[in-house]
Amino acid sequence: MTTEETMEETMEQQGEITARQLEENLAGEAEEEIEEAQDDLQAQVRQGIGELFQDGWSEEELLDFSRDAQARRDVAGGMSVSRAACAYLRRALEAQQRLHKRGVPTVRHGAADGADEGERIERMTDEQFDAFSRKARAAMMAGRSVRL
């Protein structure tokens, strides 16, 4: 039954139609149209997921895809499931490339960089050298090797 038929029938029965009755009639039809659109969307999504499964998507991949907020917005906005899946894969690939774009970190200073022992001893004060000398002798007497 169309809106015009409903309105005509109502007018015939009551002689006139109130604004509230008109609003209820239109709201009821709008709800029916929304339900039909949702049913159509659900059918399209089921079919699209079935196609992805046939194309070799694993259950885990489909689950990750279905949990992606942007993919959900794409499908709700009218994009087909296959196009939303393609956009999802592109986003994932770009994110992965951004992570791997960084090169291997290079060494700026080596661990032994600037560790010239001769300079270190030359820079010691007399008190520091005496302490170092005593510790080195004690270590040698204890049988440990001492490196300069």
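How many nonpolar, polar and charged residues are in the lining of the largest pocket? Keep that question in mind during the tour. The model on your screen is predicted.

**Stop 1: the whole protein**

Show everything as a cartoon. You will find seven helices and zero strands. Follow the chain along its sequence, and the pattern reads α-α-α-α-α-α-α.

Of the 148 residues in the protein, 14% are buried. Residues 24 or more positions apart account for 29% of them.

**Stop 2: the largest nonpolar core**

Hide the surface. Select Leu 52, Trp 57, Leu 62, Phe 65, Ala 71, Val 75, Val 81, Ala 84, Ala 85 and Tyr 88. These 10 residues make up the largest nonpolar core. Colour helix H3 (59-67), helix H4 (69-76) and helix H5 (81-100), the elements that each give two or more residues to this core. H5 supplies the largest share, four residues.

Centre the view on Leu 52. Which residues is it in contact with, leaving aside its neighbours within four places in sequence? Select Trp 57, Leu 62, Phe 65, Val 81 and Ala 85 to see them.

**Stop 3: the largest pocket**

Time for the opening question. Select Val 45, Ile 49, Phe 65, Ser 66, Ala 71, Arg 72, Val 75 and Val 81, which line the largest pocket. Helix H2 (19-54), H3 and H4 each give two or more residues to this lining. H4 gives the most, with three residues. The pocket holds about 200 Å³ of space.

Colour the lining by class. The count is six nonpolar, one polar and one charged.

**Stop 4: Asp 74**

Stay with helix H4 and select Asp 74, which lies in it. Is this residue buried or exposed? Asp 74 counts as buried because its relative accessible area is 13%, and buried means under 20%.

Now show what surrounds Asp 74. Not counting residues up to four places away in sequence, Asp 74 touches Met 79, Ala 84, Ala 87 and Arg 91.

Definitions and conventions. Residues are numbered from 1 along each chain as its sequence is written. This is a predicted model: local features need pLDDT of at least 70, side-chain atom pairs count only at pLDDT 80 or more; totals for chains, interfaces and linings use all residues. Side-chain values use heavy atoms; hydrogens and water are left out. A nonpolar core is a set of buried Ala, Val, Leu, Ile, Met, Phe, Trp, Tyr and Cys residues joined through side-chain atoms within 4.5 Å. Buried means under 20% relative accessible area, exposed over 50%, partly exposed in between (1.4 Å probe, protein chains only). Contact means heavy atoms within 4.5 Å. On a 1 Å grid over the protein atoms alone, a cavity is a set of points where a 1.4 Å probe fits but cannot get out, and a pocket is an open set with protein on both sides within 12 Å along at least five of seven lines; lining residues have an atom within 4 Å of a point. Grid points are joined across faces, edges and corners, and a volume is the space filled by probe spheres set on the points. Ala, Val, Leu, Ile, Met, Phe, Trp, Tyr, Cys and Pro count as nonpolar, Asp, Glu, Lys and Arg as charged, and the others, Gly among them, as polar.
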